Amino acid sequence: MEEAPLVPAAFATTREGTPFSPTFDDVYHSVNGGLAQARHVFIAGNKLHESVFKPARWQHDHPFVILETGFGLGLNFLATWQAWQAAGKPCRLHFISVEKHPFRRDDLARALAGFVELEPLATQLLKQWPVLVSGFHRLHFDDNKLTLTLIFGDAQTQLPKLNARADALYLDGFAPAKNPDLWAPEVLAPLTRLCHSATTLATWSVAGGLRRTLEQLGWALERRPGFGDKREMLTGRYAPAVSHHLRRQQAAFTAVSPAPTSLPTQRKAIIIGAGLAGAAISERLAQRGWQVELFERHPEPAQEASGNPAGVLLPPLTKDDAPAAQLARACYLYALRRLAELPGVRYSPCGVLHIAHDPEHEAWQKTTVAELELAEEFVHFIDLAKAETLIGQTLAHGGLWFPTGGWVDPRSLCTALLSAGGERIRTRYGVAVNRLEQTNGGWQIFDSANNLMASAPHVILANAQAAENLLPYPVPLTLIPIRGQVSFLPELATSHPPLRHVLCRTGYLTPPASNMACSFSTVGASFDRHDSNLQSRLEDHAGNLLRLDEILPGSAKGFSAENLAGRVGIRSATRDHLPLAGTLPAQLTSRQATQVTPKTLPRLAGLHVLLGLGARGMIWAPLLAELLASQLCDEPLPLEQPLARLIDPARFYLHAQRRTTNSSVGRKENR
Ligand SMILES: Cc1cc2nc3c(=O)[nH]c(=O)nc-3n(C[C@H](O)[C@H](O)[C@H](O)COP(=O)(O)OP(=O)(O)OC[C@H]3O[C@@H](n4cnc5c(N)ncnc54)[C@H](O)[C@@H]3O)c2cc1C
Ligand SMILES: C[S@@+](CC[C@H](N)C(=O)[O-])C[C@H]1O[C@@H](n2cnc3c(N)ncnc32)[C@H](O)[C@@H]1O
């Protein structure tokens, strides 16, 4: 089933002031109190409450995962957060909730205003509240110890895409008679597939149909005293009598199954490369308590592709909202949230105007955003007159306005990420890794004189194009170098009216970004495939001036290519322009290769990559690092499984295997 455009919840209350949904004709929580209901039904029902005699169930060293149907006002989430804080934050906590009709931020703020004791937590939730577009949105709180994954969309289409192991379920739809979809087997079966033998559930409903479905799926249920005017509620423990029938029933709803993990358990990693990829994955692992040793051949981080003074934060759009566009959007939105909370990053969410190339492109932009029905706060079309008013300059066409896009200084982002990781990241600058070797317990790395540099159970290659030299066998990654040169324009810093937003057309122009010595705009960038030459070129400065003139007609007049300073960097991109994030495939014999599928393909235990960030590393790096860290720690993935598959580093390997198999079958048949 395709995901329909998101329709936000309409905010209303009953005469008594209880939040009410006109769409479902039901109240969001018991009239006897939403917070008390959350504590009685969901927290105590799942035995998560702490007492003198019983510590809460989340007293263990693995992250505890709660999965909810229906985020609504977030009362269950906020009450759980509060209870977990009161218990002393005993473990990392994941809260995942699926919501078909999320509230707009203002409405959510109004609805939560009545819960005074939740105010400090509600304020933090509202600050990070995502723009209302379908898909997974991951938010971090309390020094990354609490992770909220909000899944916007219909539970029936979204839950089969979730890769997680749940410890407790909160089933919280509207009354089953008014909201049958959320209690249907199409929701309960994929939920159950994510459970294990210690998983519990709680719900305020004791409806007969619900009980029968849950029991058929393998849940042992118990009726307990309900909350407020409800006489009874339901709790359950997953206790499947593993019957053939049950397996088949679950499998029918199993679009994807969580990947089996046979990864080393010791939380120690070597990371090679201190650009955006290496800094981002170092920080994500350090936040999870890993010891990280980061090796970089330069004396400082961010000296290669990640060394420009400013890059643009902008997602691509496609008319059909292709999976790759959905992936880029998720990454872009996550990157913006991370940038807003990381201290020390030079960035600005000043907005990006993507000016149309010509009238046809302008028409395409207009119809695309109208058809996709994406939230205005994410993107909308503005015509030429509005665009000129916004920018304060003469332009050629209207364009797409991304109000929260902007620019970031990637060097400052690398530094901020590394300092956020703290002492768990040990940096080793000025040393190049020359070779890897697999051992019984993991991997060893060696320098060019064959000296052992370090060993660890996990190695992550985050060294862009140079990763190909370190592969233990020739895995097809399809990486190619793409040379890019940017030009710096100090004069634009003093222009009137001042440039306040990022402008893009065939190239891009940033507002003045300061470095230590001066303030300048960046215009770029050239794009030369299979070219790794780092020398600055006059013709590329001239090309950038053409890009400038196209963006702001007439503005290149005062510049000459001869006098421009700039910077050259080498992007590293794959054949399908999507990054590579995950564990590398193991080398197979040709016989084994004929039998593998993406699910059964063996992996090279402990050898992972974050590569191929191409021309959009500033939006890719943060979420893909979170994805890789989640995979390594066996935590819920922050992305839909089909989107995570797009960036599987084994994809080209599998294509190559399939081609070889098909052609050998063809040869046999022709004999
Ligand atoms: C001109 C230009 C403009 C761009 N504009 C934008 C933009 O506007 N928006 C955007 O999102 N993205 C942009 N990008 C892309 C973005 O900069 C890259 O995708 C990103 O920086 C790549 O980060 P990385 O960590 O993968 O690679 P790098 O930053 O290249 O880092 C790899 C690191 O690995 C180190 N290394 C390599 N081999 C070894 C070894 N054997 N031992 C130790 N260390 C090693 C290297 O020294 C390097 O520091 C642009 C890129 C260029 C070149
Ligand atoms: C009773 S409210 C949830 C209250 C919430 N748990 C809280 O703590 O505030 C039920 C929620 O389920 C959502 N919902 C209804 N049908 C859904 C579906 N098919 N998929 C996902 N969410 C759905 C509604 O929009 C509503 O927000």
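Predicted model: local features only at pLDDT ≥ 70, side-chain atom pairs only at ≥ 80, totals over all residues.
User: Why is the pair Arg338 and Glu341 called a salt bridge?

Analyst: The closest N and O atoms of Arg338 and Glu341 are 2.7 Å apart, and a salt bridge requires a side-chain nitrogen of Lys or Arg within 4 Å of a carboxyl oxygen of Asp or Glu, so the pair meets the definition.

User: What separates Arg338 and Glu341 along helix 10?

Analyst: They are about one helical turn from each other, because they stand 3 residues apart in helix 10, which covers residues 323-341.

User: Why is Arg338 called buried, and what is Glu341 called?

Analyst: Arg338 has a relative accessible area of 7%, and buried means under 20%, so Arg338 counts as buried. Glu341 has 36% relative accessibility, which falls between the 20% limit for buried and the 50% limit for exposed, and therefore Glu341 counts as partly exposed.

User: How do you know whether Arg284 and Glu283 are buried or exposed?

Analyst: Arg284 has 1% relative accessibility, and Glu283 also has 1%; buried means under 20%, so both residues count as buried. Their side chains meet in a salt bridge, with 2.9 Å from N to O.

User: What makes Arg92 and Glu635 a link between distant parts of the chain?

Analyst: Arg92 forms a salt bridge with Glu635, with the closest N and O atoms 2.5 Å apart. Arg92 sits in the loop between helix 2 and strand 5, while Glu635 sits in the loop between helix 16 and helix 17, and the two residues are 543 residues apart. Both Arg92 and Glu635 are buried.

User: Which residues are linked in a network of salt bridges?

Analyst: The network includes Arg92, Glu635, Arg284, Glu283, Arg338 and Glu341, and among its other members are Arg138 and Glu626. The structure holds 27 salt bridges.

User: Why does Val433 count as making a polar contact with ligand 1?

Analyst: A polar backbone atom of Val433 is 2.9 Å from a nitrogen atom of ligand 1, and the cut-off for a pair of N or O atoms is 3.5 Å, so the pair qualifies as a polar contact. The protein covers 96% of the 1000 Å² of accessible area that ligand 1 has on its own.

Definitions and conventions. Residues numbered from 1 in each chain as written. Chains lettered and ligands numbered in written order. Heavy atoms only, no water. Polar contact = N/O pair within 3.5 Å; in protein donor to acceptor, adjacent residues only side chain to side chain. Areas by Shrake-Rupley, 256 points an atom, 1.4 Å probe, with all protein chains shown as cover. Helix = DSSP H or I, 4+ residues; strand = E, 2+ residues; numbered from the N terminus. Buried < 20%, exposed > 50% of the residue type's maximum accessible area, 1.4 Å probe, protein only.
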